[in-house]
Amino acid sequence: MFFDKFTDVVPSFFGTLNQGPLTLTIFLHTIIVLPMFWIYFSEKKKLGK
Amino acid sequence: MLINIKSNHLTNAGQRIGLMYFRVAIILFAAQLLMGLIAATQFVYPSFLYGIFDFSVARMVHINALVVWMLYAMIGSVYYMLTDETGEETAMAGLGKLAFWVLTLAIAVVVLVYIFVQIGPAKESTIWLINEGREYIEAPRWADIGIVVVVLIFYANVFFTYLKGRKTGIMTVMVANLLALAGLYLAGMFFTDNISMDQYWWWWVIHLWVEATWEVFVGTLAAYALVKFIGAKREIVEMWLWIEVLMLFGSGILGLGHHYFWIGTPEYWWEIGALFSALEPVPLVAMFVHVLYDWAKEQGENGEKSVIGNGPGMAWIVTNAFGNFLGAGIWGFFHTLPQVNIYTHGTQFTSAHGHLAFFGAYATILIGMMYMGVQGAYGVKRMKATFNSKMAIVLITFGVLGMTVALTIAGYEQVLVERAELGGGWQAFFTAQNLPWYVQAQLWRLIMGLVTFVGFVYLLLDLLTIGKKAKAAEA
Amino acid sequence: MAKENLSVWTSISFWRRSAAWVTGFATILLIWLTFDTMGQISMGTDADLQKGITKRVPAPTVINYHIDYKMSEKRGHEVPVIGKKEPFFGKEWSPKEAAALLHLGKLGSQAKNCMNCHTLLGNGAYYAPDLTKAWLDPMWGATMQGMTGKSTKEEAMAEFLMHPEKYPTHARMMPNLGITAEEAKGLVAFLKHMSSIDTNGFPRGFSKTVDQFKAGGTNAH
């Protein structure tokens, strides 16, 4: 099965995200990296001026 | 003896305080190596000093001297570069000097108590006065508080000098990072009956030091050293520094998770620890590329003369680029995934990684900074490597690499026999420890430890004499 | 040339802002995760034990129960199994007494510097066996009870801790650390408590042979 049942002792927000192949860590990486796109484009605009 | 290193060419008080820290750092470095040799001997001959100076004592002083000499050399480096970077005299140099003597006295007392009192009864008084029994941060509580006060004085010095002066990128990173580095020490200063809780916060200090704030510190020092030693362009160096900060903290802060696999903490740390810490080598590759690129560029193109102002210093910075990537990056990645770590956790694998990483990532660059200090102390424009410098770097590097390979082999055998085959436990442990391949590996570790020590003797000799020689050559 | 200067990738301000964002946000995530974990690893209560509620770190009164370490189908690794009540040093310990004993033991583990030879939860030095599940080590029953002439495991452990030099098993011996009878009891309680902590299956296949591992049995006592 692709997504596993919850196996840890206590369910929690992070525990719930941690139920598939690297779902939790990919989620965390994504929310860290996504705002960098915004920083990139805002810098690009500044440089263009 | 170390007073031989004259400091009358130093132009500011910060540099003189820096040199004071360097002198104590090198003495503690010697203590670390001697204690390591005792502990390594006990692995091969367990009756050596049994009941008098047991492995636990030798090992405690070994790792404490390591941490403290590195902190000394780090504080020394910051004092040394402070005026140069900010263009201002050190804000409270007198207080800084006083703090140095207080700290040095406190450390001397702590070490003497470690060596002669060693352990105490199971009472709070032991934790306050003798040792806290928590690996790396064993220093008793009274010393903890003293360290905090002294570090506050040091930080105030750096901070107020920074406020008055030029705010370069290098100094901005330094000031912010030092605050985190100093603040983290507080996480290791309380007692709890809950061993899981104990280990959770203990790792805040240990991991967030050596895999986050210390690494950023090294990046900052390397940036400064590149500007100083080979005249690298500041804009490029500072851009790289911010990239390194981004990647080091981006991977290192949550990479803390790789210590939370097995200490009672929830399973979700497996994923967080695995992927974030797997990315930890990436900034180390970046630092490696950066240093080597600048180094090659400044070697002198089209028949121009090389512009390296400090030969041995630069050689140690380049060794740092290799060592950091190999020791912290590769040897760390070896066993960072939980699927591997469940077997390697708490074996000689960790020890192999620890030796190469502390040496490659930290010892190397701090030795480089000591050479910078010697160059400044004698006011030499160009300091070339001597025979002693070359012997030192070759023997120490070869010795540490040899120890690392030996410990890796020992660890591999331990993982397979003790852990995989026999599932840990008392008999499993000794079955693995007594197999010939493990015993041979420990013997090689001892031999390579001796090689490292001989290299250190050359290093000490060189630091004591190279400045005078270079000065004489210039005259 | 002019176009190259427009590249964001070589702009210091882009990297500085990104570094500040990533560092700040990673720190916030770590603090959030820490709060979540703190809740899960704080010690349970005596009531939890009586009701059979599983805690990652049980109450000190777990020393009144039989502890085992067994493969869990659901978790995919071994977990501590807290069983029926059993006497510890010949008696049942009240929550207050048990907490005081554990406190003495934890303090003793630091005062005697255990961690600079042994590993606890896998952290420490590598000169002596890992103590995470030491309470469950089969050596205490068969070998040490015989050598010390004690009738229970906990008494054999306490005797060994007080005079380790009298009961050597290998050339590398534990030194005499001046551990008193009270301290030894505390240390045994500390070890028993540690063996009840859910370590996500570390160490794997504790003290088993390959055949036993396949059969799903356990060597732990």
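Author: Chain C splits into domain 1 (4–39) and domain 2 (44–215). This is a predicted model, where local features need pLDDT of at least 70, side-chain atom pairs count only at pLDDT 80 or more, and totals for chains, interfaces and linings use all residues. Residues are numbered from 1 along each chain as its sequence is written, with chains lettered from A and ligands numbered from 1 in the order in which they are written.

Reader: What makes the crossing of helix 7 and helix 11 of chain B left-handed or right-handed?

Author: It's left-handed, because that term applies when the near helix is turned anticlockwise from the far one by less than a right angle (clockwise would be right-handed).

Reader: What makes the contact of helix 7 with helix 11 of chain B nonpolar, polar or charged, by class?

Author: Ala, Val, Leu, Ile, Met, Phe, Trp, Tyr, Cys and Pro count as nonpolar, Asp, Glu, Lys and Arg as charged, and the others, Gly among them, as polar. So Val218(B) and Met314(B), both in this contact, go down as nonpolar. The tally is seven nonpolar, three polar and no charged residues.

Reader: How do you know which residues of chain B and chain C are in contact?

Author: Their C-beta atoms, placed from the backbone, must lie within 7 Å. By that test, 64 residues of chain B are in contact with 69 of chain C. On the chain B side, the classes come to 30 nonpolar, 22 polar and 12 charged residues.

Methods: Helices (H or I, at least four residues) and strands (E, at least two) are DSSP runs, numbered from the N terminus. Two residues are in contact if their C-beta atoms, placed from the backbone, lie within 7 Å. Domain bounds come from an automatic or database domain assignment.
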